[in-house]
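Hi,

Here is the model I said I'd pass along. Have a look at it first, and then read on for what turned up.

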Amino acid sequence: MNTLISTTEVLRRAFRPEERLPADTVREADVVVAEWRFVRPVLGDALHDRLLAGDDAAFVQTYLADAVALLTRVVLLPRLVHFISPMGPLLPKPQDSSSVETAEALQTERRIKREAMTLLRRAVAYVEAHAAEFPEYDPQKNPLNHCMTDGGFVQIF
């Protein structure tokens, strides 16, 4: 699979060092899902394919890498909450710490996704400001230019 950033980069950019996740926690498939669910619809197929081919690596590192890493974390979160054992799914509850409440976990997930989408909007703003460098990008096909759910309300432009 070809992705904009590596799984190692996701761990470095989206997780704090004290979280100490094993290197195999993030799969390439997680990065692909994040890109196809969030990034590809916004940038368009042609521009995303161009970036996957390695063109504009500096743009990817400066504008997209953090957004992709955080969106991959959002994709990964449900799998981090439960572990599967021979006896079925388990919810880890360390003895020396309190478990995160469901509402708090959802709030954290929303905060991470909101931060990632802000970074993605920043990347789009750069692409739109430098349209000559990105002829594959079509702002009319970008869903962020037509519909938002900021503040819990659906806003259609």
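Predicted model: local features only at pLDDT ≥ 70, side-chain atom pairs only at ≥ 80, totals over all residues.

How close do the axes of helix 2 and helix 4 come, and at what angle do they cross? They come within 8 Å and cross at roughly 130°. (Axes are lines fitted to C-alpha atoms, for helices over the stretch in contact, with angles from 0 to 180 degrees between N-to-C directions.) That makes helix 2 oblique to helix 4; under 35 degrees would count as roughly parallel, over 145 as roughly antiparallel, 65 to 115 as roughly perpendicular, and the rest is oblique.

Residues are numbered from 1 along each chain as its sequence is written, and side-chain values use heavy atoms, with hydrogens and water left out.

As for the elements, helix 2 covers residues 28-43, helix 4 residues 57-81 and helix 1 residues 7-14. Helices here are DSSP runs (H or I, at least four residues), numbered from the N terminus.

Helix 1 also meets helix 4: their axes come within 9 Å and cross at roughly 85°, which makes helix 1 roughly perpendicular to helix 4.

At 0% relative accessibility, Thr 72 is buried (under 20% relative accessible area, with a 1.4 Å probe and protein chains only). Leaving aside residues up to four places away in sequence, Thr 72 touches Val 10, Val 26, Asp 30, Val 31 and Ala 34.

Now the aromatics. The whole structure holds five aromatic pairs (ring centres within 6.5 Å, using the six-membered ring of Trp; planes under 30 degrees apart are stacked, over 60 edge-to-face, the rest tilted). Phe 59 and Tyr 63 are stacked, because their ring centres are 5.5 Å apart and their planes at 25°. Both lie in helix 4, four residues apart, about one turn of the helix. Phe 59 is buried too, at 6% relative accessible area. Together with Tyr 126 and Phe 134, Phe 59 and Tyr 63 form one aromatic cluster.

Cheers

Key:
Helix = DSSP H or I, 4+ residues; strand = E, 2+ residues; numbered from the N terminus. Buried < 20%, exposed > 50% of the residue type's maximum accessible area, 1.4 Å probe, protein only. Contact = heavy atoms within 4.5 Å.
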